[in-house]
Amino acid sequence: MVNIQSKEVLARLLATENLTVVHENVQTASFNVEDRILTLPLWDGMENYTYDHLVGHEVAHALYTPADEWMEKAKEGGQGFQSFLNVVEDARIEKMIQRRYPGLRKSFIQSYKKLLADGFFGKDKETVNSFKLIDRLNVFFKCGHSAGVVFDAEEKAWVTEIENAETFDEVFDIATRLYGKAKEEQELEQEQMIALAEEFGDEDGDEDGDDSFSQEEGKEETTDEEEKTPTGSSEDDLDGSEEQIEQQSSGKQGGETGPESYTDKALQQNINNEFSSDADKLYYNLKLPVDNHKITTDRVVDYKEILSLFDGDHQKCIEIGEELLDVFMRDNKKTINYLVKEFEMKKKAAEYKRASTSKTGVIDTLKMNNYKFSEDIFKKVTVLPEGKDHGLLMFVDWSGSMANQLKNTVDQLLNLVMFCKQVNIPFEVYAFSDRYVNFKNHKNFKTDEIFGLDDICYQSEFRLLQFFTNKMSRSDFQKMAKAMLSISNFFENYRQMRHGFYRTPSPLYLGGTPLNEAIVSSIVLYKEFKNKNRLDVVNTVFLTDGSSNNIKFVATNKDWDGSEYIHHNNLNFKNYVASDKTICYINDPVSKKRFRFNNDELATPQLLRIFREVTSSNAIGFHILPARKPSAISEIPSGDYYQREQLWENLKKDKFCLIPDYGYSAYFGILGGRYLATSNGAIEVAEDASKAMIRQAFKKANGSRKGSRIMLSKFIDYVA
């Protein structure tokens with residue numbers, strides 16, 4: 001607990017004068033230069049070192065920032081420029097206060113490190129290098145080298161200038177030039193966006209939609225790539241609120257006509273949200289569901305139950321699937337065998353690389369005759385350390401929008417599981433669905449079973465369909481492969497009915513996208529799968545073609561009269577007006593780890609980071625993207641316009657791209673349609689082809705065999 005009286009004394013000692021220190025129910029700290037009054041908020045639940053850091057920060061302004069000049073410059077430049085000025089001035093005054101009081105350095109380091117890890121800068125630490133320059137500078141000068149901020153050669157010049165700034169005039173000059181550079185970049189980006197809209201605006205009505213079997217999925221929006229600044233006031237270190245400065249300014253608004261420092265505003269707003277004593281603020285402490293029985297028994301549909309759906313009226317699915325499996329094996333078996341051989345070679349090479357040779361202490365009789373010339377007369381032993389045991393846990397999107405992609409997706413999936421089966425890598429494959437319970441006499445959940453108080457909860461229809469596991473018998477594996485091929489053929493070709501009329505079992509129809517629920521439940525399945533198979537590393541794969549449905553939680557709130565009521569809410573607060581009044585923590589009862597949920601970021605990447613932190617697992621994502629440029633760029637879920645343009649170029653060249661900053665260990669964007677299809681590597685040459693042409697055709701065919709099986713080839717890279 002923070003001792004307020006002792007902190008008032010600390011502030012006076014730091015300022016080397018008898019300041020008037022008051023604690024009031026205000027949003028942000030401020031210092032009145034004329035009256036020498038330091039006003040501090042009634043911060044609740046704050047660590048001592050964070051309190052010391054914030055007090056030290058305000059005293060630094062009291063000592064080193066010329067208040068009148070700062071206010072005048074802020075008024076002239078407007079709100080956006082003010083945030084740039086804040087960033088550079090903060091770097092100067094914090095350097096100077098720590099130089100004067102070295103004992104504060106530890107508090108600053110501990111505090112900023114914790115604030116960055118908890119998302120107080122508006123984004124996760126892993127995404128720091130996707131920030132604009134001003135925000136990377138802000139994180140670097142507040143959090144130091146441990147934040148891992150990267151600058152190019154040109155940007156390092158700005159770092160040096162800020163490091164060397166000693167006066168406010170230098171700060172103002174640097175901030176002015178930084179703001180001008182950012183404004184030029186913003187105007188150029190807006191011009192290019194307008195040009196793109198004009199170029200493709202007439203094609204909007206021609207884009208592919210979901211298949212008629214899909215239903216409304218209520219997905220999170222991911223196409224809005226503009227970073228939204230938090231509502232409320234920005235950092236206001238000196239006397240006078242942001243609103244006053246805004247009214248006195250020349251009318252320039254950073255969010256409308258000029259750039260702003262996102263992290264500068266987010267940091268102060270999040271400090272206010274987290275620690276202020278606002279009675280209207282909502283605090284949620286949610287728990288990850290860790291009950292194995294509720295997931296493995298209630299939510300997982302066993303593969304034997306799924307196979308039973310194909311008996312009786314749906315036997316024709318298996319008959320057609322048998323024909324499709326023969327074609328699949330003819331096109332893929334040789335390639336799978338080739339990749340198995342390549343995998344074994346990579347594995348042996350990796351083992352050899354880790355090998356160590358040492359002397360045994362036993363004399364080698366064959367070398368004895370060299371004892372006069374060499375001391376190397378002892379026998380040696382080479383130790384080959386064993387590689388780690390890997391496993392595969394995979395979750396596949398079973399939503400309506402997958403219909404046109406399902407055949408190629410199933411082909412990719414079968415390549416992957418057949419490879420795992422052949423090299424004895426344990427695997428389990430699930431599809432996440434919300435349609436199964438609507439057609440099957442499955443357990444219906446009551447409201448109190450669906451919504452556990454203070455738990456992240458599942459919708460009643462959410463199910464995980466277990467399609468494959470390494471524990472299946474050979475006959476069950478063959479039957480499931482036939483069933484999967486016939487289902488995928490049904491959804492892709494149901495209008496033509498190329499193989500005659502048949503229907504897939506209705507419980508396996510496509511529906512919504514409960515991806516977030518699959519991520520949460522995968523934590524339990526991961527631990528059970530890893531322990532059951534005694535694995536060292538489990539690579540968890542999520543394959544989808546879009547965003548997730550909302551995931552909900554239930555908590556107790558207080559009404560206006562003080563009475564309590566049960567409140568149902570979406571975990572994602574991104575599009576809610578009241579998000580600045582909501583503080584949410586997610587707790588893992590097993591590991592005792594605690595995660596702060598950022599209100600301005602979508603739920604999916606945050607849940608993925610929680611999954612990785614709790615399980616210490618690789619989370620590999622595959623996102624199937626449209627083959628048309630405007631649609632693909634709009635669906636890439638992270639990065640600014642320039643970054644998505646570059647990703648599109650990578651897609652055209654390699655048929656896949658690495659999407660950054662979305663919570664996965666690696667997130668692959670792959671082109672759908674014909675680009676997702678597997679190739680049998682047929683060699684096509686003219687009759688009069690030379691040896692060089694034949695050699696080139698062979699290399700191309702070989703590359704096509706491996707490159708078209710993108711999920712398998714990327715998985716091999718992780719486990720070889």
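Across which strands does helix α21 lie? Helix α21 (residues 641-654) lies across β17 (618-625), β18 and β19 (666-671), running at about 140 degrees to β18. Helices (H or I, at least four residues) and strands (E, at least two) are DSSP runs, numbered from the N terminus. The angle is taken between N-to-C directions on a scale from 0 to 180 degrees, with axes fitted to C-alpha atoms, for helices over the stretch in contact, contact being heavy atoms within 4.5 Å.

This is a predicted model, in which local features need pLDDT of at least 70 and side-chain atom pairs count only at pLDDT 80 or more, while totals for chains, interfaces and linings use all residues. Residues are numbered from 1 along each chain as its sequence is written, and side-chain values use heavy atoms, with hydrogens and water left out.

Let me turn to the sheet. It is open and mixed, with eight strands in the order β5-β11-β9-β8-β12-β17-β19-β18. β5 (300-301) and β18 (656-658) stand at the edges with a single partner strand each, so one side of each has no neighbour in the sheet. Two strands pair if DSSP finds at least two bridges between them.

β12 runs parallel to β8, joined by seven bridges, and Leu 392 has Asn 539 in β12 as its bridge partner. β12 also pairs with β17 in the parallel sense, over six bridges; there, Phe 542 stands opposite Gly 621.
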